[in-house]
Amino acid sequence: MTAIGEEAGRLLDMLDVDRAHWREGSMPAVTPLTGEKIAMVRVCGADDIEAALDASSAAFRAWREVPAPRRGELVRLFGEELRAAKECLSRLVTIEAGKIASEGRGEVQEMIDICDFAVGLSRQLYGLTIATERPGHRMMEVWHPLGVVGVISAFNFPVAVWAWNAALALVCGNSVVWKPSEKTPLTALAVQAIFARAAARFGEAPEGLCGLLVGGRETGEALVGDARVALVSATGSTRMGRAVAPRLAQRFARAILELGGNNGVIVAPSADLDLALRGVAFGAMGTAGQRCTTTRRLFVHDSIYEGFVARLKAAYDSVAVGNPLEGDVLVGPLIDRAAFEAMGAALAAARAEGGIVHGGDRVGEGASYYVRPALVEMPRQVGPVCEETFGPILYVMRYDDLDAAIRLHNGVAAGLSSAIFTTDMREAERFLAASDCGIANVNLGTSGAEIGGAFGGEKETGGGRESGSDSWKVYMRRATNTVNYSDALPLAQGVSFDI
Ligand code: UN1
């Protein structure tokens, strides 16, 4: 085993992950930092899937009877365990997903934050009391646990996205079965071990409350197709969503779809350009362009275009790209060769449409894929600009009329995140009113949302909402209850039916 493999092993040992799961399995776990194999992970078979779903169904039946604030106590303990494990787990996120150290820590912090949110929520699963038209009656709505919640997550947020779903699902009284990305099984195993510690301290969590299924596409399909799974929360490409959504709809199961983004930023003439520069730089280059909220399109007003784009190019030239374990870098690797090839193909397509590419070259060679982020000046919004390529490519376009820019901004299939930089209040409000995305910001970038808001997007982003606000409601079922405490039986709508 190489040094980095040994470090991954040490971290897994420190986090108490059973070696049987990552030493003698059949699936190699690879670090994008060097392209080396760092573990051999056990993949579940059809029997494991069956057993996990049975266990999860049984766990749900028991867990739904536990009062919600008690359920919150388990999530509180999980948050404590995450705090204790933060350094180890975030380092493992860096090794397995390639994130720079502060983003690895940020990801684990996001898990801790959603635990805190969910603990509070466990005492606030409120329903309404509704005025009834009938005398001596009371009408109310009550929220009940839903069932087994399947979570399918992507490599780029290998642990936080599961946590958004799991923390809410658990306080809502559900059990959870998780299929992580095949590219990031080790962090998933680590999280399971951390959860197991919280469950042991809690003492009354049913066996199988949080299941993990490491596997490929068939494993995800099993979750999507199984009648025991009431809700599937899936993060990934729009292509994946197109396969998943109809299958869930066919069996009337619920879906939370968090699919592609093609997020745009408008920089208006009145913008604070220092702020805009930092916001765009982090949004477009952070996480090596591998967030669903990454800034991919930039519309800059004609009057400030030359100066702003020149400053942006200088930032692109100065940003340090490389192995986050070896230095103070801001941009780590692409996840794999396929990502690198997709980026190359998009840049070639952009050139063919008249784009002028700045950056985008490969750094180093071998089995890891580091690239300098690419800034592409485009004459129009065409070809690859209209699609999500999961890498650090920022397409830059000029505009002179804000309404036309907003129309272009909205003129793509995805609808996740968006932003405007302006100090003109009317422009800001016009943008917020018109952006067709689930997230719209003023004077900050498109990525790095806090857990307190509902997270998700419209159109081909899938329409799901996770995390904060009232996203919890999709993890529960609502019953409308009417109670008659009178001696009469008045019918609604004044209907009479005297027998
Ligand atoms: C994702 O990329 O799948 O807003 C999620 C953000 C993060 C979550 C991104 N809080 O960028």
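User: Why are H9 and H10 called oblique to each other?

Analyst: Helix H9 (residues 273–285) and helix H10 (residues 302–318) pack at about 50°, with their axes 10 Å apart. Angles under 35 degrees count as roughly parallel, over 145 as roughly antiparallel, 65 to 115 as roughly perpendicular and the rest as oblique. An angle of about 50° falls in the rest, so H9 and H10 are oblique. The axes are lines fitted to C-alpha atoms, for helices over the stretch in contact, and the angles run from 0 to 180 degrees between N-to-C directions. One caveat: this is a predicted model, where local features need pLDDT of at least 70 and side-chain atom pairs count only at pLDDT 80 or more, while totals for chains, interfaces and linings use all residues. Numbering starts from 1 along each chain as its sequence is written.

User: What makes up the contact between H9 and H10?

Analyst: H9 brings Leu273, Leu277, Val280 and Ala281, and they meet Ile304, Phe308, Arg311, Leu312 and Ala315 of H10. Contact here means C-beta atoms, placed from the backbone, within 7 Å. By class that's eight nonpolar, no polar and one charged residues. Nonpolar covers Ala, Val, Leu, Ile, Met, Phe, Trp, Tyr, Cys and Pro, charged covers Asp, Glu, Lys and Arg, and the others, Gly among them, are polar.

User: How do you know how H3 runs relative to H5?

Analyst: Helix H3 (residues 68–97) packs on helix H5 (residues 160–171) at about 150°, with the axes 8 Å apart. That's over 145, so H3 is roughly antiparallel to H5. The residues in this contact split into six nonpolar, one polar and one charged. Ala68, Arg71, Gly72, Leu74 and Val75 supply the H3 side, facing Ala167, Leu170 and Val171 of H5.

User: And what about H3 against H4?

Analyst: H3 and helix H4 (residues 101–121) cross at roughly 175°, their axes coming within 8 Å. By the same cut-off, H3 is roughly antiparallel to H4. Their contact has 12 nonpolar, five polar and seven charged residues.

User: Is threonine 94 buried or exposed, and how do you know?

Analyst: Threonine 94 sits in H3 and has 24 C-beta neighbours inside 10 Å. Buried needs 20 or more other C-beta atoms within 10 Å, exposed is 12 or fewer, partly exposed is in between, and C-beta atoms are placed from the backbone. So threonine 94 counts as buried. Beyond its neighbours within four places in sequence, threonine 94 touches Lys99, Ala101, Gly104, Pro324 and Leu325.

User: What makes threonine 287 and asparagine 443 stand out in phi?

Analyst: Most residues other than glycine have a negative phi. Threonine 287, though, has a positive phi near 55°, and asparagine 443 has a positive one of about 65°. Threonine 287 is in the loop between H9 and strand S11 (295–301), and with 25 other C-beta atoms within 10 Å it is buried. Asparagine 443 is in the loop between strand S19 (439–442) and strand S20 (454–455); its 15 C-beta neighbours inside 10 Å make it partly exposed.

User: Zooming out, how many helices and strands are there, and why is the protein called as compact as a globular one of that length?

Analyst: There are 13 helices and 23 strands. These are DSSP runs numbered from the N terminus: H or I of at least four residues for helices, E of at least two for strands. The radius of gyration is 24 Å, close to the 23 Å from the globule rule for 499 residues, so the protein is as compact as a globular protein of that length. The radius is taken over C-alpha atoms, and the rule is 2.2 Å times the number of residues to the power 0.38. Buried residues make up 53% of the 499.

Conventions: Two residues are in contact if their C-beta atoms, placed from the backbone, lie within 7 Å.
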